[in-house]
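Me: I've got a structure open and I'd like to learn how to read it. Can you walk me through it, feature by feature?

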Protein chains: 2
Amino acid sequence: MKIGIVLLSGGLDSTTTAAYAKSLGYEVHAITVHYGQKLSREIKSAKKVAKILGLKHKILDISPFKEMGWYSALTHPELFAVPKDRSVEEMMGDVPITYVPLRNTFLIVLAAAYLESEVLHRIERLGMDPEEIEARIFIAANVLDYSGYPDCRPEFYQKINELMRVATKAGSKYNVEMRVETPLIYRNKREIVELGTELEAPLEWTWSCYEGDEVPCGKCDSCLLRAKGFKEAGIRDPLLERLKRRANCEN
Amino acid sequence: MKIGIVLLSGGLDSTTTAAYAKSLGYEVHAITVHYGQKLSREIKSAKKVAKILGLKHKILDISPFKEMGWYSALTHPELFAVPKDRSVEEMMGDVPITYVPLRNTFLIVLAAAYLESEVLHRIERLGMDPEEIEARIFIAANVLDYSGYPDCRPEFYQKINELMRVATKAGSKYNVEMRVETPLIYRNKREIVELGTELEAPLEWTWSCYEGDEVPCGKCDSCLLRAKGFKEAGIRDPLLERLKRRANCEN
């Protein structure tokens, strides 16, 4: 029995991660979070992706977290200017202002609570043997393109996996290892594009832009990295192709 | 500059912990969470306690978490019977059904996001020297009376403190140690009652009962442990005294 929770933002990386978990034979549940304002463009993408991949999907309003992790350009753009037109080298130097305090930790803990509930239900209600359960959390963290984020580094994931064992009943009583998997952690954007394409992940429905309009801005860090990845892979971005086709239809 | 976030449920233990953090000279911010249904009796207590102690206080609706950590008698009583009239020995044996998957981890991560935001603001906006900042999270975890909960054990807090260092910008870039403090971890209920009384914590406004009515049920694990603590300390429970006075006034 393989059960996997995927943190699905609706972007290129998390969509590829979801397709990867599915390809390994996991029963995949996806979690998508938003901060309570408008449902962003990304959420629409996540819904579409989950539907195409046939995943169970939960969409969560985590506005309380926004209030807690308030020191960030992502959750409170009014406090910061989101950088534009930076080179990849400029993105690398420091912890970016788009770092949200404890965000990945928070998302993983939400996913872990969901996963542990599913695991305990299977053991204590359905009578499954704990040894037969493989429980995983999949997150699209990446150390190469996002080296500045402390919670994207391998040492963070090592620590969180150690924590999972002592923090949970599943781990401490039933010896079910609830591990966090980071299949993209050492892949660059080109390799992620290649993997997603190979797995036939629905990349044409993904959304990466920080700005979140009808059409990607093409200038924020996220758009620039995405474009670079597709260019290096020698693959046309299927999202842009789809938007072009749509524009042609409308004209 | 000493800043402390206290997880304040409004119960005896967390109120004592808040009074303790204050007595150490911390600027204390309290966080109280609820699961989105009715504002429980505990929340009213937390408000009153925070007001009396002069704490900054945030009350958060964490219903999304309830949906995630659904396998528990605390968040979903309809799935379980909350045990009554158990002896202290019976409470000890196993992980209790009131265990909520990853709850303490979740609460600590919320507190940590808030704390890190405050720390980064002080360093990056106000120009404070990171070395002058002492940042702590206070939680009323206790290993003696709650030995069954994996996230009440010292090894859990050791791991979470290791995680804090690698998970945060405050820890990894500025070397600010955001440690979780568990001042009650090895104290039994008698000692907690004694400490709270000594610190003049407003124990008469605290609430411990799992059932949450106008008057404590006196039968749930939490009521029984509280009564035992006061009895062993040779102190009358000021909450019961207050309720008695109120009842006398009303008659």
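Me: Let's start where the chains meet. How many residues does the contact take from chain A and from chain B?

Reply: Keep in mind that this is a predicted model. The contact takes 38 residues from chain A and 38 residues from chain B. On the chain A side, β3 (56-61), α3 (63-68), α5 (103-125), α6 (154-167) and α7 (169-172) each give at least two residues to the face that touches chain B.

Me: Which element supplies the largest share of the side of chain A that touches chain B?

Reply: That's α5(A), with eleven residues. Sort the residues on that side of chain A by class and you get 24 nonpolar, six polar and eight charged.

Me: And how do I describe the way two copies sit relative to each other?

Reply: The general idea is that a rotation about an axis, plus a shift along it, relates two copies of a chain.

Me: Now the strands. What should I look for in a sheet?

Reply: In general, strands of a sheet pair through backbone hydrogen bonds, and the pairing is either parallel or antiparallel. In chain B, five strands make an open sheet with parallel pairing, in the order β3-β2-β1-β4-β5. Its edge strands are β3 (56-61) and β5 (178-181) of chain B, each pairing on one side only. Ignoring direction, neighbouring strands of this sheet are turned by 20° against each other on average. Helix α2 (residues 41-53) of chain B packs on the sheet, where it touches β2 and β3 of chain B, and its direction makes about 170° with that of β2(B).

Me: Which strands does β1 (residues 2-7) of chain B join through bridges?

Reply: One is β4 (residues 134-138) of chain B, which runs parallel to β1(B) and is joined to it by five bridges. To find that pairing on screen, look for B:Gly4, whose bridge partner in β4(B) is B:Arg136. Another is β2 (residues 27-34) of chain B, also parallel and also joined to β1(B) by five bridges. There, B:Ile5 has B:His29 as its bridge partner.

Me: What does the sheet in chain A look like?

Reply: Chain A has an open sheet of five strands with parallel pairing, in the order β3-β2-β1-β4-β5. β3 and β5 (178-181) of chain A stand at the edges with a single partner strand each, so one side of each has no neighbour in the sheet. Strand β4 (residues 134-138) of chain A pairs with β5(A) in the parallel sense over four bridges, and A:Arg136 stands opposite A:Arg179 in β5(A). Helix α1 (residues 12-23) of chain A lies across β1 (2-7), β2 (27-34) and β4 of chain A, at about 175° to β1(A).

Me: Last one: how do I read two helices packed together?

Reply: Take helix α1 (residues 12-23) and helix α8 (residues 189-198) of chain B: their axes come within 9 Å and cross at roughly 45°. α1(B) and α8(B) are therefore oblique to each other, and α1(B) passes α8(B) in a left-handed crossing. The contact residues include B:Leu12, B:Ala19 and B:Tyr20 of α1(B) and B:Ile192 and B:Leu195 of α8(B). By class, this contact has five nonpolar, three polar and one charged residues.

Notes:
Residues are numbered from 1 along each chain as its sequence is written. Chains are lettered from A and ligands numbered from 1 in the order in which they are written. This is a predicted model: local features need pLDDT of at least 70, side-chain atom pairs count only at pLDDT 80 or more; totals for chains, interfaces and linings use all residues. Two residues are in contact if their C-beta atoms, placed from the backbone, lie within 7 Å. Ala, Val, Leu, Ile, Met, Phe, Trp, Tyr, Cys and Pro count as nonpolar, Asp, Glu, Lys and Arg as charged, and the others, Gly among them, as polar. Axes are lines fitted to C-alpha atoms, for helices over the stretch in contact, and angles run from 0 to 180 degrees between N-to-C directions. Angles under 35 degrees count as roughly parallel, over 145 as roughly antiparallel, 65 to 115 as roughly perpendicular and the rest as oblique. A crossing is left-handed if the near helix is turned anticlockwise from the far one by less than a right angle, and right-handed if clockwise. Two strands pair if DSSP finds at least two bridges between them.
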